[in-house]
Amino acid sequence: MFTAEDYRHMARALELAERGLYTTTPNPRVGCVIARGANMLGEGWHERAGGSHAEVNALAVAGAAARGATVYVSLEPCAHYGRTAPCAPALVSAGIGRLVAAMTDPNPEVAGKGFAALKAAGITVECGLLQDEARELNIGFVQRMTRGRPWVRMKLAASLDGKTALSNGKSQWITGTAARRDGHAWRARACAVLTGIGTVKDDDPELTVREVETPRQPLRVVIDSRLETPLGAKVLRNGALIATAIKDAGRIEALREKGAETIVLPNAAGKVELGALMQELGRRGINELHVEAGFRLNGSLLREGFVDELLIYLAPHVIGDAARGMFDLPPLEALSGRRELKIRDVRMVGTDIRVIARTL
């Protein structure tokens, strides 16, 4: 049975973990608190990939006071060597008396091994405190570890009648400045931003984070089946990953000279194989993929089951039936064929409504 103090310290560990929201990729966001009763002895968080883990940072603050204390950590301590030494042996050496974790590490290289090492040293181990909150913080990492692909969050800005662009493709700007700033915050937490060649041609987006401060920019990914990306496109600035279906050596070399990497992933229809792309992004350590695309690519991703979450901003105006909708999907003959969603959050952002929904 967890106590009120346990909840308080774990909540603090999760607050600390969130400080790594934009910096820990491809690692998980982890926070740690070392306490004895109500007294906090040390705290830390994983600040960036390649740096010290949360437990090591907290131990450095607590020093000798950690002996016999309780350690609260938002994710199971690692027990394997990566770019840094494992945390479980460090906790054993510090002589802690008890460890409380929010959740088991889904990484197969850890998954229970950290807990086993602590238990073998006689340390009391308890898991499951604020587990749902911890999982939400690392939902992309969990997805990549368990399914081999990123958590896909699709952002849409639409009028109240569900239109995302005029019939000529123009879409800047449907929503207000507050919604655009909020959208950049979600873009900043992602490891990569995905769009299609249609959006590149229509809007020439940069796909960078500009409205909020961030220490790093997400990878920009363009699905371009026929290698039509203009060499002067803004998305190519500072590098991009182009997914295509054709092997055009000259065009690929021209894109390489612009700083872009090209991967060829064709399907039988001459389009980019989306499943292969998702697996490749997972292999590259992409935990969260932020999609900002047109209705055709949106429809393809939804139809093939690669959308986990929708981030929709609805502006208080109507555009009309001739404008483009959110998704290019085949018509239904019965409502039983509709795609069910679970609403997670609805709130006002400036003058617009923000809806967060997940696919079932």
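# Cores, Pocket and Cavity of a Predicted Model

Gln 143 touches Gly 148, Arg 149, Pro 150, Trp 151 and Asp 308 when residues up to four places away in sequence are not counted; contact here requires heavy atoms within 4.5 Å. The structure is a predicted model, in which local features need pLDDT of at least 70 and side-chain atom pairs count only at pLDDT 80 or more, while totals for chains, interfaces and linings use all residues. Residues are numbered from 1 along each chain as its sequence is written, and side-chain values use heavy atoms, with hydrogens and water left out.

Gln 143 belongs to helix α6, residues 139-147. Helices (H or I, at least four residues) and strands (E, at least two) are DSSP runs numbered from the N terminus. With a relative accessibility of 6%, Gln 143 counts as buried, a term that means under 20% relative accessible area, as against over 50% for exposed and in between for partly exposed (1.4 Å probe, protein chains only).

The nonpolar cores come next. Such a core is a set of buried Ala, Val, Leu, Ile, Met, Phe, Trp, Tyr and Cys residues joined through side-chain atoms within 4.5 Å. The largest one comprises 41 residues, and those with the most contacts inside it are Met 10, Cys 32, Ile 34, Val 71, Leu 91, Ile 96 and Leu 99. At least two residues of this core are supplied by each of α1 (4-18), β1 (31-36), α2 (54-62), β3 (70-73), α3 (87-94), β4 (98-101), α4 (113-120) and α5 (131-137). The largest share, 5 residues, comes from α1. Leu 99 has contacts beyond four places in sequence that include Val 71, Leu 91, Phe 115 and Leu 118. A second, separate core has 32 residues, among them Val 152, Val 272, Ala 293 and Leu 310.

The largest pocket has a volume of about 1300 Å³. Its lining consists of 49 residues, of which Thr 195, Thr 199, Glu 292, Ala 293 and Gly 294 are the closest to its centre. Two or more lining residues come from each of β6 (151-159), α7 (177-189), β7 (192-196), α8 (197-203) and α11 (295-303), and α8 gives the largest share, 6 residues.

The whole structure also holds 1 cavity of 30 Å³ or more. The space in the largest cavity is about 60 Å³, and its lining includes Asn 138, Gly 140, Phe 141 and Cys 191.

A search of the whole structure finds 0 of them. Cys 78 is in no disulfide, and the nearest cysteine sulfur, that of Cys 87, lies 3.8 Å away. Cys 78 is buried, at 8% relative accessible area. The sulfur of Cys 191 is too far for a bond because the closest cysteine sulfur, in Cys 78, is 19 Å away. Cys 191 is likewise buried, with 7% relative accessibility.

Note on methods. Disulfide = S-S within 2.5 Å. 1 Å grid on protein atoms, 1.4 Å probe; cavity = no way out; pocket = protein on both sides within 12 Å on 5 of 7 lines; lining within 4 Å. Points joined across faces, edges and corners; volume = space filled by probe spheres on them.
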